[in-house]
Amino acid sequence: MGMNHDMIGHVYPPSMPYLVTSENISAFVKALGDTNPAYADGTVAPPTFPIVVTMNAMDTAFHDPALQLDYSRLVHSDQKFEYLRPIRVGDELTVAASVEEIKPLGTNEIATFKTDVFSGDELVVTGWSKIVVRGPEA
Amino acid sequence: MTIKLSDVSIGMELPALDLAFTRADLVAYANASGDQNPIHQDEAFAKSVGLPDVIAHGMLTMALAGKYLSEVSGSQNVLEFSAKFIKPVVVPAGVDVSLIVSGKVTDVTDGVAKIDLLAMCNEVKVLGMAKGAIKI
């Protein structure tokens with residue numbers, strides 16, 4: 001059991017393009033009650049908005065049989081973003097997800113997925129998501 | 001409430017804000033983010049997998065810390081943002097769950113302020129290593 005360490009360094013094909021609309025941004029900031037005018041008028045997305053596309057791209061990886069990841073025991077433990085610029089209305093986002101690290105931690109396993117978010121050919125945000133796959137109960 | 005970014009200095013404590021939320025906000029966040037994991041909405045399901053009750057999405061807690069960054073700074077120009085999800089935030093039915101977020105400026109260099117964030121729920125720290133870097 002456990003994840004397939006041969007997948008470290010594997011890069012998944014780019015995700016399907018996701019068009020950022022003011023409706024998408026508005027729904028996200030309304031859920032947070034965020035009143036920053038730049039977000040409220042739907043032109044600029046708030047900093048954690050990229051998770052909408054990165055989580056979706058990682059979902060494809062999580063369910064890749066070659067990775068041998070037990071999705072039912074997965075917990076999202078860390079998230080980091082580095083921004084080259086804010087995401088804006090009209091961006092057509094694609095995500096290149098890759099497996100950066102897989103390592104044991106006690107009976108659990110930790111994996112880090114890197115997600116490069118592009119608008120067209122321009123890299124706009126890089127995300128790193130660390131997940132824990134809980135091992136069998138003792 | 002907004003601080004003047006021109007006035008920030010290392011060591012400056014930023015005001016605490018209570019960013020309270022409810023079950024309804026979890027549903028709105030699930031719909032807006034696409035994360036429909038039932039542990040964030042369905043009490044019976046959450047309890048069936050050993051959780052005390054419905055818990056908030058870690059990313060919702062982080063998003064609220066991001067809202068704090070934007071509210072105290074007025075900036076939408078975030079350069080880096082990271083957090084660890086160290087404790088679940090339990091959201092009982094009919095309760096406004098209080099999430100108290102505060103911050104401290106740890107560095108100001110070349111027009112970038114680094115801020116350590118503290119997010120507390122029921123006097124328990126729920127985000128670890130929560131840090132933001134904002135262009136000022």
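**Chain B and its side facing chain A**

Tutor: In this predicted model, the elements of chain B follow the order β-α-α-α-β-β-β-β-β from the N terminus on. Of the 136 residues in chain B, 38% are buried. Among the contacts in chain B with a separation of 6 or more, 65% are between residues 24 or more positions apart.

We may now turn to the part you asked about. Here 26 residues of chain B are in contact with 26 residues of chain A. On the side of chain B that touches chain A, two or more residues each come from helix H1 (23–33), helix H3 (58–73) and strand E2 of chain B. The residues of this side divide into twelve nonpolar, nine polar and five charged.

Strand E2 of chain B, residues 78–85, pairs with E2 of chain A in the antiparallel sense over five bridges. Within this pairing, A:Lys80 stands opposite B:Ser82, and A:Glu82 has B:Glu80 as its bridge partner.

Strand E2 of chain A, residues 74–83, is also joined by nine bridges to strand E5 of chain A, residues 122–133, and these two strands run antiparallel. There, A:Phe81 has A:Gly127 in E5 of chain A as its bridge partner. Strand E2 of chain A is therefore paired both with E5 of chain A and with E2 of chain B.

How values were computed:
Residues are numbered from 1 along each chain as its sequence is written. Chains are lettered from A and ligands numbered from 1 in the order in which they are written. This is a predicted model: local features need pLDDT of at least 70, side-chain atom pairs count only at pLDDT 80 or more; totals for chains, interfaces and linings use all residues. Helices (H or I, at least four residues) and strands (E, at least two) are DSSP runs, numbered from the N terminus. Two residues are in contact if their C-beta atoms, placed from the backbone, lie within 7 Å. Ala, Val, Leu, Ile, Met, Phe, Trp, Tyr, Cys and Pro count as nonpolar, Asp, Glu, Lys and Arg as charged, and the others, Gly among them, as polar. A residue is buried if 20 or more other C-beta atoms lie within 10 Å of its own, exposed if 12 or fewer, and partly exposed in between; C-beta atoms are placed from the backbone.
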